[in-house]
Amino acid sequence: MATEVLWTLPGSLMWECFCPGRSSGPPDRNHRMLQRVAVVGAGAAGLCAARHILTRPASFAPPVVFEVSGNVGGTWCYEERIGTYPNGRPVLSSMYRDLRTNLPKEVMMFPDFPFDPELSSFLSHQEVQRYLERYCENFRIRPHIRFDTAVENVTPVSTTAENGESKITWEVTSLDSTGHQKTETFDAVFICSGHYSDPHIPNIPGIQNFKGTVLHSHSYRFAEPFSGQRVVVLGAKASGLDISIELVKAGAKVTLSHRNPPLTVPLPPGIQQASCVVAVQDDGTIRLQDGSVCQADVLIFCTGYNFSYPFLDPARLGLEIQNHVVSPLYRYMMPPAFPSLIFIGICKIICPFPNFDCQVQFALAVLDGSVAMPPQEQMEEVVRREHQRKLEAGVQHHHLLKLDQDQWEYCDTLAGSAGFPPLQPAVRSLYEEVWRQRQVHPENYREFNYRLVSATRWEQIS
């Protein structure tokens, strides 16, 4: 059981671990009902949650995993269709046909489940999808997944436990493909539904005047239809840069519009940088922030995604979901008022699969009593201080969930609190090396291949 301590990590990332006045021995599992846990989503985060729940049969019943589609993999499950399926449900995947990972498999992998060593370091989405399917089969997760089942409502219910204390359980209402609706009770819920399915489209005055095609990268699948066209790509983060390079190779003329200082990375001929779009004029031309005007046949928004949880009532949970932020979340996972509702994978600029693995193991340690939570007020104060630290360091409010360099101390802290192995130093070192290579070789950094030599060393092998 964790003891009360306040510690400051390098970089001033602060967390607290708290133990109320009770026995420090292990919980008496002989006299305790197994906890029932619902998992929303069977993408990488949901599969990770289910895998670790299944390894703890003394504390948890087998999970119930709700998956709205007919496959595991989440956003990695490529769907050429855009818009909606014949049953009216939206296409959630944002994967495009020729996407390759921007992190090497040696960094991407779940810590205890490597990719096939024969594969290149930078993978196609099909290879990642096969990896997740293999993960699912290896840990025998599939029997616990309810496919083609949408979660419609997740509601906290206050009950009284056998010892007389108040206890929160969760009513989860789902709807399967036959139209059958079902409500069940769980002790905890893992939200693993991802955050790459609800496109964020900024308000641009006069957009209705644009005479060409407008789409978000969520609906982009391949470049050939844009050959010979003038395309303005809004946003120069990973997807904006990647899609711009694809478009140019297919014969499009690309204007990469963004609000940041001009990129210093070498861009291929055919990509022209420009300041951000501020309006579409009456004649359909595009006015930029620097006052210049350009013409285009296509606008592609590479402007990120909104957090969307239509099955939750944020106000009831004490949460605000707006402006790319979900808050307050203690340790970027748990609403202080309802710590048995756990968001996995909500952070940005991270190594996703290792991050999910650390979050899940910490959350399960909280649920089984190995790590105790501080009082609600203390958790809220920890979140407030962390946000204040970031804002004072110049982080914009809508970037509060970006971890970037903080991700390593964050994962180490979760591991130290819950007693599982930390991420290997070589993972961080290789992640940072690939980031440097992307700045120098944005077109061909994926041609390199790597190998982890030990917990602290990696090497480039081609």
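**A strand and what surrounds it**

Tutor: Let's start with strand E9, residues 188-191, which is covered on both faces: Ala188 and Phe190 are buried on one side, and Val189 and Ile191 are buried on the other. Keep in mind that this is a predicted model. The mean pLDDT of the protein is 92, with 93% of its residues at 70 or more. The stretch to be careful with is residues 1-30, where the pLDDT is below 50, although this stretch still has 71 contacts in the model beyond near neighbours in sequence.

On the one hand, E9 pairs with strand E3 (residues 37-40) in the parallel sense, over four bridges. Within that pairing, Ala38 sits opposite Val189 of E9. On the other hand, E9 pairs with strand E20 (residues 341-343), again in the parallel sense, over three bridges. Here Ile191 has Phe343 in E20 as its bridge partner.

Now zoom out to the whole sheet. E9 belongs to an open sheet of five strands with parallel pairing, and the order is E5-E4-E3-E9-E20. Its edge strands, E5 and E20, each pair on one side only. At the E5 end, E4 and E5 run parallel and are joined by two bridges; Val65 has Ile145 in E5 as its bridge partner.

Next, the helices that lie across this sheet. Helix H1 lies across E3, E4, E5 and E9, and runs at about 160° to E3. Helix H6 lies across E9 and E20, at about 170° to E9. So which strand turns up under both? E9 is in the list for H1 and also in the one for H6.

H1 (residues 44-54) deserves a moment of its own: 10 of its 11 residues are buried. Besides alanines such as Ala44 and Ala45, the buried set includes Arg51 and His52. The cover over the buried residues of H1 includes E3, strand E4 (64-66), helix H3 (125-138), strand E5 (145-146), E9 and helix H6 (352-367).

E17 pairs in the parallel sense with strand E10 (residues 213-216) over four bridges, and Leu215 has Ile300 as its bridge partner in E17. Strand E11 (residues 230-234) also pairs with E17 in the parallel sense over four bridges, with Val231 opposite Val298.

For a contrast in direction, look at the open sheet of three strands, ordered E6-E7-E8, where the pairing is antiparallel. Its edge strands are E6 (149-160) and E8 (181-186), each pairing on one side only. Neighbouring strands of this sheet are turned by 20° against each other on average, if you ignore direction. E6 and E7 (residues 166-176) run antiparallel and are joined by 11 bridges, and Asn153 stands opposite Thr173 of E7.

One more helix is worth a geometry check, and that's H7. At 1.5 Å a residue, the 17 residues of H7 (residues 376-392) should span 24 Å, and its end C-alpha atoms are 24 Å apart, so the two agree. Its buried residues are Met379, Val382, Val383, Glu386, His387 and Lys390. They cover an arc of only 130° around the axis, which means that they sit on the same side of H7. The face turned away from that buried side carries the exposed residues Glu377 and Glu392. After H7 comes Gly394, with a positive phi near 95°.

Last stop, Ala415, in helix H8 (residues 406-418). With a relative accessible area of 3%, Ala415 is buried, since the cut-off for buried is under 20%. Setting aside neighbours within four places in sequence, Ala415 is in contact with Phe420, Pro421 and Pro422. As for how Ala415 relates to Arg146, they are 269 residues apart in sequence and 31 Å apart in space, C-alpha to C-alpha.

Note on methods
Residues are numbered from 1 along each chain as its sequence is written. This is a predicted model: local features need pLDDT of at least 70, side-chain atom pairs count only at pLDDT 80 or more; totals for chains, interfaces and linings use all residues. Side-chain values use heavy atoms; hydrogens and water are left out. pLDDT is the predictor's confidence in each residue, from 0 to 100. Contact means heavy atoms within 4.5 Å. The expected span of a helix is 1.5 Å times one less than its number of residues. Buried means under 20% relative accessible area, exposed over 50%, partly exposed in between (1.4 Å probe, protein chains only). The arc is that of the directions from the helix axis to the C-beta atoms. Two strands pair if DSSP finds at least two bridges between them. Axes are lines fitted to C-alpha atoms, for helices over the stretch in contact, and angles run from 0 to 180 degrees between N-to-C directions.
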